[in-house]
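Please walk me through this structure, starting with the ligands and ending with the core.

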Amino acid sequence: MHRLTARAPAKINLTLRVLGRRADGFHDLVSLVVFAGTGDLLHLDPDAPLGLGVTGRTAPAAGPAADNLVLRAATEFAAQVPGARLGGFLLEKRLPVAAGLGGGSADAAAALRLLAQLNDLPTDDPRLFAAAQEVGSDVPACLDPRARIMRGRGEMLSAPLRIPALACVLVNCGAAVPTAPVFKGLGLAPGAVLPGPDHPDAFPGDAEALLAAIRALPNDLEPPALALAPAIGAAKVLLAAGPQATLVRMSGSGATVFALTADCRTAAALARRVKTAEPSWWVKPTMLR
Ligand SMILES: C[C@](O)(CO)[C@H](O)COP(=O)(O)OP(=O)(O)OC[C@H]1O[C@@H](n2ccc(N)nc2=O)[C@H](O)[C@@H]1O
Ligand SMILES: Nc1ncnc2c1ncn2[C@@H]1O[C@H](COP(=O)(O)OP(=O)(O)OP(=O)(O)O)[C@@H](O)[C@H]1O
């Protein structure tokens with residue numbers, strides 16, 4: 001059988017509100033998640049034994065293959081679907097690691113999609129979702145990467161939202177920011193409930209109105225992430241300098257920041273400006289949907 005291939009697109013949190021901390025220690029969130037045109041690529045050779053090779057520019061940062069979320073996903077899939085066919089994976093790693101783009105989660109979700117395809121399971125088979133939840137909070141959202149509102153720990157997902165395609169620049173300053181310390185920096189005790197505004201369940205379809213609605217909602221993880229990696233602030237300042245960006249914000253638990261722009265030509269021009277100022281940073285103009 002031929003090699004199967006799946007894209008693992010980067011996840012962007014356009015908004016992210018922390019509503020409190022659950023008794024199990026996880027934080028209760030609500031977030032508008034969208035997906036980028038850029039990401040990793042995952043291949044599956046059905047005739048090879050279960051295993052993983054990792055290539056690509058950011059492969060060294062992803063750590064040992066044995067600990068990779070692709071293999072965690074395969075293990076969880078096998079637990080859900082006893083006797084399932086597995087295979088040999090090859091990951092082309094391009095996304096920055098520990099970056100707030102859900103790179104590892106996207107790879108795990110891509111692995112689950114490939115294994116579903118290999119075993120003739122529909123993509124909405126509940127066992128896929130169950131396996132995704134076991135691997136990590138962002139994995140369920142990455143299973144079918146379309147714009148949604150995510151709630152809870154990430155396990156409550158809205159139907160796909162119809163939003164206009166947004167032009168954007170992603171910028172990662174190179175600081176690896178692990179997720180757990182950022183949440184810890186919020187300083188919330190288990191059971192804590194925050195007051196403050198809730199988050200809408202729907203967004204306007206018109207680009208201008210959508211932008212205004214997003215602007216009114218922050219990413220509540222920015223302050224603790226900034227305390228851990230002050231370079232996030234420098235990246236935001238650089239993106240916001242000049243007229244090109246319509247909104248500048250951090251994604252997820254950081255350190256990647258994004259700038260929304262009016263169109264993809266403006267995104268390309270902004271990306272060139274940032275790359276010229278900071279040649280060592282990861283800078284990617286892309287579309288979001
Ligand atoms: C920040 C986001 O990326 C937003 O989409 C996600 O909430 C994090 O998703 P993730 O990286 O898949 O996170 P996980 O691997 O499940 O959890 C990593 C660690 O982050 C903390 N964590 C994560 C999610 C959550 N809702 N509350 C938490 O407190 C926990 O300490 C957990 O041990
Ligand atoms: N396929 C993978 N890609 C990247 N990192 C992986 C992978 N598998 C395991 N890891 C480990 O997970 C850690 C962080 O992964 P990831 O890139 O998903 O973080 P992130 O992009 O910050 O995610 P989030 O948006 O959820 O915060 C890395 O430090 C790495 O050791």
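A residue counts as near a molecule if its C-beta atom, placed from the backbone, lies within 6 Å of it. The model discussed here is predicted.

Around ligand 2 there are 20 residues, and the closest are Gly63, Gly103, Gly104, Asp107 and Gly252. Helix 2 (103–118) and helix 1 (69–80) each contribute at least two residues to this shell. Helix 2 gives the largest share, four residues. Sorted by class, the shell of ligand 2 holds 10 polar, seven nonpolar and three charged residues. Domain 1 (4–157) and domain 2 (166–288) each provide at least three residues of the shell around ligand 2.

Ligand 1 is surrounded by 17 residues, with His27, Gly136, Ser137, Asp138 and Gly252 the closest. At least two residues of its shell come from each of strand 2 (27–45) and helix 5 (179–184). This shell consists of 11 polar, four nonpolar and two charged residues.

In soluble globular proteins, nonpolar side chains tend to be buried together. In this model the largest nonpolar core has 81 residues, and Ala73, Ala109, Ala111, Leu112, Cys168 and Val169 have the most contacts inside it. At least three residues of this core come from each of domain 1 (4–157) and domain 2 (166–288). Leaving aside residues up to four places away in sequence, Val169 touches a set of residues that includes Leu239, Phe258, Leu270, Val274 and Val283. Thr261, Lys284 and Pro285 are also among the residues that Val169 touches.

Terms used: Residues are numbered from 1 along each chain as its sequence is written. Chains are lettered from A and ligands numbered from 1 in the order in which they are written. This is a predicted model: local features need pLDDT of at least 70, side-chain atom pairs count only at pLDDT 80 or more; totals for chains, interfaces and linings use all residues. Ala, Val, Leu, Ile, Met, Phe, Trp, Tyr, Cys and Pro count as nonpolar, Asp, Glu, Lys and Arg as charged, and the others, Gly among them, as polar. Domain bounds come from an automatic or database domain assignment. A nonpolar core is a set of buried Ala, Val, Leu, Ile, Met, Phe, Trp, Tyr and Cys residues joined through C-beta atoms within 7 Å. A residue is buried if 20 or more other C-beta atoms lie within 10 Å of its own, exposed if 12 or fewer, and partly exposed in between; C-beta atoms are placed from the backbone. Two residues are in contact if their C-beta atoms, placed from the backbone, lie within 7 Å.
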